[in-house]
Amino acid sequence: MKSVRLICILVLLCGELYAQSDAQLRSYETTMVQSPPVIDGRLDDAAWDLVDWAGDFVQRQPEDGAAPSQDTKFKILYDAKYLYVGIRAFDLEPDKVVRRMSRRDGFEGDFVEINIDSYSDKRTAFSFTASASGVKGEEYVSNNGDDWDSTWDPIWYLKTSLDDQGWIAEFKIPLSQLRFADKEEHVWGIQVMRMLFRKQERSYWQPIAQDAPGWVHLFGELRGIRGIKPQKQLEIQPYLLGKMEKSPAEEGNPYATGSQSDLDVGVDAKIGLTSDITLDLTINPDFGQVEADPSRVNLSAFQLFFQERRPFFLEGKNTLNFGLTESVAGGQFNNDNLFYSRRIGGSPSYLPSDEDIEYVDRFEKTRILGAAKVTGKNKNGFSWGLLESVTNKEMVEVQDTLGGRREVAVEPMTNYVVGRVQQDINQGNALIGAMFTATNRRLDEDHFSYLHKSAYSGGVDFTQNFDDRNYYLSLNAVVSNVNGDEETIYNTQTSSERYFQRPDNRRKGVDSTRTSLSGTSATAAIGKRNGNLIFQTGGTMRSPGVELNDVGFLVQSDYISQWTWAQYRILKPFSIFRWVRFNGNQYLTWDFGGVNLQKAINFNTHAQFKNMWYIGGGTTLSGESRSNADLRGGPALRYPGTREYWGYMGTNDQKKLYFEMNPWISSGQENYYKGGGIFTSLRYQPTDALRLSVSPSVDWNDNGLQYVDSYETTEENYILARIKQVTYSASVRANYIITPNLSVEYWGQPFISSGEYSDFKKVLSPNSAYFEERHVSLRADQIYYSNESESYFIDENRDGTTEAKLSDPNFNFMQFRSNFVVRWEYIPGSTLFVVWTSSAFDSHNSRENRFSHLATDLKQADGTNIFLIKYTYRFVL
């Protein structure tokens, strides 16, 4: 029976797949124009009379297939250089058209949108959006609509107008911003959409149901395009930057004088090498206008993941993406990826700490000398991306105790290479791809021995769709290899991602003679995309030796995980609801020694009411779990089960005043853990141009098994304690959009986190079946605190001889970050930035950690203020 099933699966994999039925496929016939229309938002030029109106839009949300509340029509023209689109959005109540202003890609208020599959590959599209207020938006759509990249920033032209029949949007899109094959006649996929904001109603020209298994492959057709040639793109954008920094002066420190200034130049370029290949180039890039990362306190053994915010690396990010586990069910490993662009140009990794060093000059980021990114896709469905980047050998000046100065290297010169290829098969019904990364460092200083000299990774992935793309099978496999001297590879084996030195590690031990380390990863998932019931089930593994963190991102190795997710959804309005979704999740994880690390189930539901309010909530029930990392190289620590409950609600997003909140609470068995928090957000939009918001949150964590430290006697001893942590945070924003091209924006975030430790425990038998046997509390005569040394001393035998000295783990961390940005796009693609960035923080381990005291400390903390003016000009040649 099993062999029969296997044969059936192979037949399905290799056989011809069903294509989309074209019974309801719509088509629009365009024509070439000799005298193009003037882009003024009126559609009164004679050129528009050459083509017919297309209409008969169909509602998709809230009710599939229903007639829309208001009519929409469009026309399309073209010439040798441009595509022209005119959209009339009729409205019987034109005074109710919502014309909210926003930054580019804001998608606020009423808007219309055209998606163009000029590749005709049924997987990718170029999306252009026009709001009724004249704000433009663009997105590069890939993976058949699963990925929408709003960082794509082409040059195109738009005008809108309001009249007694509704409103009009008139587009002029350069063909150089699209990609298409060189042939006599073209048939492109298109979709036109309208958002009626006051009713949250989306209507489409080509009907596509909400539960359809994809997006781009279901587009209608644009016909009649003949005689055009692919356009080569050439854009060069130099910048000039002036910066002044004010920071607290430090007496005697020659590197903290309180003020410094700088002038810098650089250039970005976008070059169409051929009609299929585009080169993005940056030399000495600057990202001074980019918003800072949110503040966080990390008490785990693992590194934190932060989103990329730099424009060069954001644009086209989907092309160089290779997620190791992109499960619908989510989880801590979903950020694992072969390429994590934050590795390039990050903070230098070496801190000069020689005993004779008294002062160190300030350093923040590794300078990117240059980076180039080549992307393309040909008419046969073969796409590729290649990124090459070189970062500088960073030197910092230090002053020794005798007043002498010298330079110390803090980061070696490094070369990064990332390559990605994908091939569409059978009009996108199947996709096969591969990726390769390489990191090579010039380790010309002895103190760089902790870094890998070279690191390589490679992977292949495959997706097969079945039954009109309703079902799918997804597979990927990855190998990695890192090289260095014996000290480097020893550090890799004992790092937080793997901890080979664990005494209960059944599979891998530390080999201090190794000069390389290799590993593998693999993932398989099957799922269903359409209908009321959808699901995904799959598994993923990371071998103990896999290492990706030179240019990728890896949370942890040595695990095998399985998950199942299912959703039942009601997408049509009924009773008081617009839609409802019910989800269930199941998780199981083991390490390579066969030890069960996690087992959990989750249930959650989400709904939106007909009055546009929404609500949701869920619960996660976890059984006993084990962590191979929480004792930082010690044996696995066994935890009792936990329960977590959460919910959220939000008011009508269309109203000027909007509010949402998200409370949660969690507890562990044996009373070892309690946690909770609440996030709230209040937004007020007094005018179409001004938006104000504040999002405060508070979280608390009462964990009786928080790792503190370890010390060695005749054996390794591990100390845990109960931590009571409270974190306060708020994000404050004020956006004033004067015109679609001129904006004033402010963001600020105060952040306070305090942690107080008590009830110190020594680990005894961390994997015992009985909770009380796993650790024992240290009594007051076994551990005491010294105010003089700000440390704890352990005298376990109470004989007057201390076995260990522990640094005080209590903390009070306070930080305030803010950005004030004036952005003026004075001509399309050319921008002037005026930026003020402020940052202040304080940290101490005082027991006085009430909120009022910490807030006062934060207000009194000295900060750094950076003022910069950045001028860019884009040459389009």
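**Exercise 1: a pair of strands**

The side chains of R226 and E185 form a salt bridge with an N to O distance of 3.4 Å. The model is predicted, so local features need pLDDT of at least 70 and side-chain atom pairs count only at pLDDT 80 or more, while totals for chains, interfaces and linings use all residues. Residues are numbered from 1 along each chain as its sequence is written, and side-chain values use heavy atoms, leaving out hydrogens and water.

Task: Explain why the pair R226 and E185 ties together parts that are apart in sequence.

Solution. 
1. A salt bridge is a side-chain nitrogen of Lys or Arg within 4 Å of a carboxyl oxygen of Asp or Glu.
2. R226 belongs to strand β14 (residues 220-226) and E185 to strand β12 (residues 185-196), so the contact joins parts 41 residues apart in sequence. Strands (E, at least two residues) are DSSP runs, numbered from the N terminus.
3. R226 is partly exposed, at 38% relative accessibility, and E185 is partly exposed too, at 39%. Buried means under 20% relative accessible area, exposed over 50%, and partly exposed in between (1.4 Å probe, protein chains only).

**Exercise 2: burial of the partners**

Task: State whether R683 is buried or exposed, and locate its partner D653.

Solution. 
1. The closest N and O atoms of the R683 and D653 salt bridge are 3.1 Å apart.
2. R683 lies in strand β37 (residues 673-684), whereas D653 lies in the loop between β35 (642-650) and β36 (657-668).
3. With a relative accessible area of 10%, R683 is buried; D653, at 31%, is partly exposed.

Key. Helix = DSSP H or I, 4+ residues; strand = E, 2+ residues; numbered from the N terminus.
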